[in-house]
Amino acid sequence: MRNVVIGFLGTQLDAGRKRKWKPSRSLVEQQDFEVDRFELLYDHKFSRLAHGVAQEMRAISPDTEVLLQRLDLDDPWDFQEVYGKLFDFARDYGFDEDRERYHVHLTTGTHVAQICWFLLTESRHVPAKLIQTGPPREEGEIGKFDIIDLDLSQYNALQQRFDQMSRAYSDQLKGGIETRNPTYNALIDQIELVASKSDAPILLLGETGTGKTELAARIHNLKLDRRRVKGRMVHVNCATLNGPDAMATLFGQRRSHTGIAGTERNGHLREADGGTLFLDEIDMLGLDAQAVLLHAIETGTYYPVGSDTQRSSRFHVIAGAGRDLRKLAADGHFRPDLLARLDTWRFALPPLRKRPEDLAPNLAFELARSERELGIQTGFNTDAREHYLRFAKDPATPWPGNFRDLSGSVRRLCTLAPRGRITRAMVDDEIARLREGWHDATADEDLRLLADVIGPDSSEIDAFDQFQLAHVIRTCRASSSLSAAGRTLFAASRARRSTTNDADRLKKYLAKFGLSWDRVTAS
């Protein structure tokens, strides 16, 4: 493999104006580094110096091929010009990595040129290692010589340090909880990369209680650590932005709009300037506010209510939603253009029931938090903890409120624990309390759903059929077609049948209640 060096002519150092040591010449003098070809880049204004230096290098190392490459720069301190011309040089060079090893000499050239060399080698536009040279410490020596390989895998200590930093950021996003679910951990790793490198909006999707608010706050803190934001996080619950004050709450208001003293307000967007705007439950925001919000996100400007003077505010956007925004947009309840703007980075948080591996660490976390907040040291008896975790991990345990349910459950156990010990009997009582509450909530939700689809006649359906029919309706609405819904609902029995027509079976079931596919999915 031939060694090739590419470097700028040093108009001061290679001329020997400051000292006798000349960096370009010193490279071909190195006894442990043979230079087969040296590409010396020069500006036409220094043509005489370039030819003189090349002649010296050929005299010192006759086996080194010294090629002069003219690269004229109107302003060697202009980043755009230097980077553009070096990029063009690299694109046209014709690197042959099978036969040659390339090195870029960093010592010569302006600081701007050195930065551009680094960027081009780090991005592999120039497939080279970096060479740094320095003057000798004592008379008669050649000078210092170091090769820098930007492949960090060659530097174990540095790589370990970066890995530790990355793990620290991931732990920060997980709130210090040692989560074990591979899907969730992979999600957090992606969010860490996005939060560290991108300023585009982040959309957090998930059921209620999956931790969207807590994660948004951790993302904001990570961005503060990485200096991507400098202000605070403003949490806006869009579900509360109703009525005539909604726009003023979000965008601010001038007193002259009403003429009433005390009505002037800054608005959430102004308060979020320089920081993060967390739009929780953005699926509940009205269409008018969505239009103004989109303009503010894209331009950084907006008009407060009653004002003809534009205000500016730059902020990072994190949005949270519990419903499918794409379906809402298709149904005309959410602006597609706003969705497109928010949807650059979409992360769906898995519900608690799909993270059984994380129940034990989250139970320990909630227990420790309850101890801090209640000021009472509390612990599970061994059999009580095992019984609670078996219940918590059971696929039949729905956890509809996700971590809110878990947190409230642990808080009740800690509050009621005599002498700070949670017993098996207490766990049994708590499990019964949870199941009763979930059953009542589910039953009420089922009745509302059936009333919405069927109308007043839904009260005539037997209680036995109500739960089943509500489940069928939800499955239909979550499926792309009648056949897809049938395959989901009859997945167990269809394997035992000689002939299958899931769509026909589902159609007949719906007909028993006077329903059709179109009626169920349109409601």
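# Close-up views of a predicted model

**View 1. Strand E12, residue by residue.** His316, Ile318 and Gly320 point one way from E12, while Val317, Ala319 and Ala321 point the other way, and all are buried. What you're looking at here, as in every view below, is a predicted model. With 6 of its 6 residues buried, E12 is largely enclosed by the rest of the structure. Follow E12 to its partners: it runs parallel to E7, and 4 bridges join the two. Along that pairing, Ala321 in E12 stands opposite Leu205. E9 also runs parallel to E12, again joined by 4 bridges, and there Ala319 in E12 sits opposite Leu279.

**View 2. The open sheet that holds E12.** Step back from E12 and you find an open sheet of 5 strands, in the order E8-E9-E12-E7-E13 and with parallel pairing. Which strands stand at the edges? They are E8 and strand E13 (345-348), and each has a single partner strand, so one side of each is left without a neighbour in the sheet. From one strand to the next, the twist averages 15°. At the E13 end, E7 and E13 pair in the parallel sense over 4 bridges. Leu204 has Phe347 as its bridge partner in E13. Helix H6 (residues 182-197) packs on this sheet and touches E7 and E13, with its direction making about 155° with that of E13.

**View 3. The largest nonpolar core.** Nonpolar side chains in soluble globular proteins tend to be buried together. Here, the largest nonpolar core has 32 residues, and those with the most contacts inside it are Leu277, Leu279, Ile282, Leu293 and Phe334. Several elements each supply at least two residues of this core, among them strand E9 (276-280), strand E12 (316-321), helix H8 (246-251) and helix H12 (336-342). Which helix gives the largest share of this core? That's H10, with 5 residues. Now zoom in on Leu277: leaving aside neighbours within four places in sequence, Leu277 is in contact with residues including Val234, Val236, Leu293, Phe315 and Ile318. Look elsewhere for a second, separate core of 24 residues, which includes Leu413, Ile422, Ile431 and Trp438.

View 4. His103 stands opposite Lys129 in E5.

**View 5. Two helices crossing.** Helix H18 (residues 482-489) and helix H20 (residues 502-511) cross at roughly 90°, and their axes come within 8 Å. That makes H18 roughly perpendicular to H20. From H18, the contact is made by Leu482, Ser483, Ala485, Gly486, Arg487 and Leu489, and from H20 by Asp502, Ala503, Leu506 and Lys507. Sorted by class, the contact of H18 with H20 has 5 nonpolar, 2 polar and 3 charged residues.

**View 6. Asp308 in its loop.** Find Asp308 in the loop between strand E10 (301-302) and strand E11 (311-312). Is Asp308 buried or exposed? Its relative accessible area is 64%, so Asp308 is exposed. Not counting residues up to four places away in sequence, Asp308 touches Arg254 and Tyr303. Met426 lies 118 residues from Asp308 along the chain, and the C-alpha atoms of the two are separated by 62 Å.

**View 7. Two residues with a positive phi.** Most residues other than glycine have a negative phi. Asn402 isn't a glycine, yet its phi is positive, near 55°. Asn402 sits in the loop between helix H14 (382-393) and helix H15 (403-416), and is buried, with a relative accessible area of 0%. Arg419 isn't a glycine either, and has a positive phi of about 55°. Its place is in the loop between H15 and strand E15 (421-422). Arg419 counts as exposed, at 79% relative accessibility.

Terms used: Residues numbered from 1 in each chain as written. Predicted model: local features only at pLDDT ≥ 70, side-chain atom pairs only at ≥ 80, totals over all residues. Heavy atoms only, no water. Axes fitted to C-alpha atoms, helices over the stretch in contact; angles between N-to-C directions. Parallel < 35°, antiparallel > 145°, perpendicular 65-115°, else oblique. Contact = heavy atoms within 4.5 Å. Nonpolar A, V, L, I, M, F, W, Y, C, P; charged D, E, K, R; others polar. Buried < 20%, exposed > 50% of the residue type's maximum accessible area, 1.4 Å probe, protein only. Core = buried A, V, L, I, M, F, W, Y, C linked by side-chain atoms within 4.5 Å. Pairing = 2+ DSSP bridges.
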